[in-house]
Structures are given as C-alpha cells and as structure tokens.
Amino acid sequence: GIMSIFNNVLAWAAKNERPLGAALFAFGFFTDFFTFGVLPIELVNYFFIGYLALAAVSCLGSHIFIHYHDSTSWWKKTLSVLFPLGAQYAFGGLLSGFVVFYTAHSVVTVSWPFLIVLALVFVGNEYFRMYKQYLVFQTTLLFFSLYAYTIFGVPLILGSLGPLVFAWSTLAAVVLFGLFLLALRLLNTARYKESRTRILQACAAILIAVSSSYMFGVIPPIPLVMKDAGMYHSLSKISGGYRVEGEAPREWWDLRTPVVHHVPNTYVYAYSAIAAPVKFGSTVVHRWERYDTKENDWITVSKVAFPITGGRSQGYRGYSERNSLPEGKWRVSVETANGQVIGRIRFDVETVEQSPELQEKNL
C-alpha cells in the first residue's frame, strides 16, 4: 500500500543521499542565480532570512537524528534523511545568493580574496560530505552564512555603513550562532560535546579571516552598488539630472582602457551613480589616482567626498572634477568613507591641443 511505497522511496533517498543532496544544492544555486540578480535587495533580504532559518533547523535536525538512518521508527528514519537534504538546499540557496550579491557589488581586482573564500566553501561542502566530519563542517558553514548575511543585513536595517556597523554585524552573527549552539547542547548534549572544540576552532578562524578582510577593504560594501559611471569633458546641472559631453564610447567588444583626450587647463569630470536601499545614507568618495611608473604603484592625487541617500532605482548621482591630468594611466576609485571600493573608472590620459569630437547626453 501507500506505506510500502513510502518506505521504498525513503530507502531510495537514504541510499542516494549524496547525489540527491548535490542536486538540491545545485537547484538552490541556479534558482537564486536567475532571480537574485533582478530582485530588489529589500525583497532578497527576506529570502536570505528564510534560507538561514531552514539551514539552522536542518543543521540542528542533522545533529539530533544522525544515528537514525537504520532506525525501525519510520519517522526518525525519515527525518534522518530529510534534515541533511534540507540543509543542502538551504546552503545552496545561501551560497548562490552570496555569490550573486558579492560579485555584483564588488570590484574583482579588490575583492578576489573574499570571492575565493566563497569558492572554497563550495568545494568544501562536497568534499566533507564524504567524511564523518561533515556535520562539523555543516555547522561551521552555518556560521559563515550567518556572518556573510549580517555583513549586509545589519547595514540594511541600520541604514548606514562603517566600522561600528561592521562590529554590530559581527556581534549579531556571534550571538545568533551562540543561540544555535545552546539549542544543540540542550537537544543533543553528546553530539555537542563531541563536536564543540572543532566547531569553535573553525568559527574562530572564520571570524579572524572575515574581520581581516574587512580591515583590508576586501569585503565589498553591500548594499551599495554602482549603477553608472563615466568620464566627461563637460558637466552641467539641469532639471532632474545632469547634461554631459563625452567622447564616443567604444564598441562593447573593445576591452581596451578608454582614452581621455585632455586639453591642458580644461576640466575633466568623473560621474557616478550609486544605488542604495530606501532610507539608506552614506558618504561616497571619489579617489583620483595616477599610476606612477617609477614607483610601480597607484598614487592618490585627490579625494572628493559627498553624501548619498537611497531609494532611487538608477542610483544617487554625484561627480568630481580635475583640470590637471598629466599623460598616463588614471583611475577614479569610488569608495565608502572607510575605503571599501564600490567601483572603479579606469582611463588613459593623452594630452591634445584641440578638444576631441564630443557627444551630448542627459544623465
């Protein structure tokens, strides 16, 4: 009857737990990959909270029912299969969401160490499934996911960025994970004592690595994202925005660095539009940098700061200007007040006697 079919399905799921888990992990990844990039961050925030809740419950259930795969009790055996699969789906959704958000909101040349960490977590998720230490890794992964979420979830709630807000994010992740460990201790004391040391050591390493990444400006400043940017030869305010004049853009397939043909003693303008959630306020800095061929390093020439507010879908617009640009490689780093890079505008400067042909448009 129905019970026999159920038992057969359950036996098949238990036997194929690894490939099923991998499939659910992939399903969580691809559903987010094609949706998170287009949804507003306020809505995505609720998805992350749901995934985290599912991951926490599934991890807790995995710890509690780890020894019931061969139980004669059908419901215990069912939960011993379903909880690990639920965790796989939740972590697939969480990690894919982090990949989409952290890559979309970062400059790869700056944030590559943090993105590599995300990649290693993907690899570790499959590697540790083959070993008994998987539940330790699974629990550590929960802490990593909590931390990666609070890094942008807390700024979203508080409506600002900065070292103090990052400290609150860290505290929130630690407290929430502490509550999870307390629940594990109450529900499965033996499992808690067996895994506690390894879990705490791994989580301490994550805490140090992520905090160091923040101090070195590696973590992108989510929820800020650069929607538009460019270099222009003239810029004037008009009703509802700006009117600019710039050189003709290159074809999309031309990957060479754009060239600004600069007439000495005339102004060049760096324009950027930064999108932020509603009720979000921050300070944006335009850092003008020139590449010094003797020092083989980027030298800061000037910095201009201006406030931004959230809520505009196309981003809060601002600009900075310079009228002294020697020939060579230049870039304008668009940063937060504490140095996190939102985006970069790269260009080469060539000195000319006459202004190049310009195109006018409104921003």
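1. At least two residues of the largest pocket's lining come from each of β1 (225–232), β3 (241–246), β4, β10 and β11 (359–362). β1 contributes the most, with five residues. The lining has 25 residues in total, and those nearest the pocket centre are G230, M231, E247, P249 and P258. The space in this pocket comes to about 660 Å³. Strands (E, at least two residues) and helices (H or I, at least four) are DSSP runs numbered from the N terminus. A pocket is an open set of points on a 1 Å grid over the protein atoms alone, with protein on both sides within 12 Å along at least five of seven lines; a cavity is a set where a 1.4 Å probe fits but cannot get out, and lining residues have an atom within 4 Å of a point.

2. This is a predicted model, in which local features need pLDDT of at least 70 and side-chain atom pairs count only at pLDDT 80 or more, while totals for chains, interfaces and linings use all residues. Residues are numbered from 1 along each chain as its sequence is written, and side-chain values use heavy atoms, with hydrogens and water left out.

3. The five-stranded sheet is open, has mixed pairing and runs in the order β4-β10-β9-β6-β7. Its edges are β4 (259–262) and β7 (297–309); each has a single partner strand, so one side of each lacks a neighbour in the sheet. From one strand to the next the twist averages 25°. Pairing here requires at least two DSSP bridges between two strands, and the angles, from 0 to 180 degrees, are taken between N-to-C directions of axes fitted to C-alpha atoms.

4. Within that order, β9 (residues 328–336) and β10 (residues 341–351) are antiparallel and joined over eight bridges. V334 has G343 in β10 as its bridge partner.

5. R287 is bridged to K303 in β7. The two strands form a hairpin with four residues between them, and N296 in the turn has a positive phi of about 55°.

6. S302 lies in strand β7. Is S302 buried or exposed? S302 counts as buried, with a relative accessibility of 19%; the limits are under 20% for buried and over 50% for exposed, with partly exposed in between (1.4 Å probe, protein chains only). Its C-alpha is 9.7 Å from that of V332, although 30 residues separate S302 and V332 in sequence.

7. A276 sits in the loop between β5 (268–275) and β6 (281–292). With a relative accessible area of 11%, A276 is buried. A276 and P223 are 53 residues apart along the chain, and their C-alpha atoms are separated by 6.2 Å.

8. A three-stranded open sheet has the order β2-β3-β11 with antiparallel pairing. β2 (234–238) and β11 are the edge strands, each pairing on one side only. The average twist from one strand to the next is 15°. Five bridges join the antiparallel strands β2 and β3, and S234 is opposite E245 in β3.

9. Helix α7 (residues 163–187) contains 25 residues and spans 36 Å from its first C-alpha to its last, close to the 36 Å expected at 1.5 Å a residue; the expected span is 1.5 Å times one less than the number of residues. Its buried residues are V165, F166, S169, T170, A173, F177, F180, L181 and L184.

10. F166, F177 and F180 belong to an aromatic cluster together with F143, Y147 and Y214. The structure holds 15 aromatic pairs, counted when ring centres of Phe, Tyr or Trp (its six-membered ring) lie within 6.5 Å, with planes under 30 degrees apart stacked, over 60 edge-to-face and the rest tilted.

11. How many cavities of 30 Å³ or more does the search of the whole structure find? The search finds one. About 70 Å³ of space lies in the largest cavity, a volume being the space filled by probe spheres set on grid points joined across faces, edges and corners. Its lining has 13 residues, and I151, P155, L161, F166 and Y214 lie nearest the centre. The elements giving two or more residues to this lining are α6 (134–158) and α7, and α7 gives the most, with three residues. F166 and Y214 are also members of the aromatic cluster.
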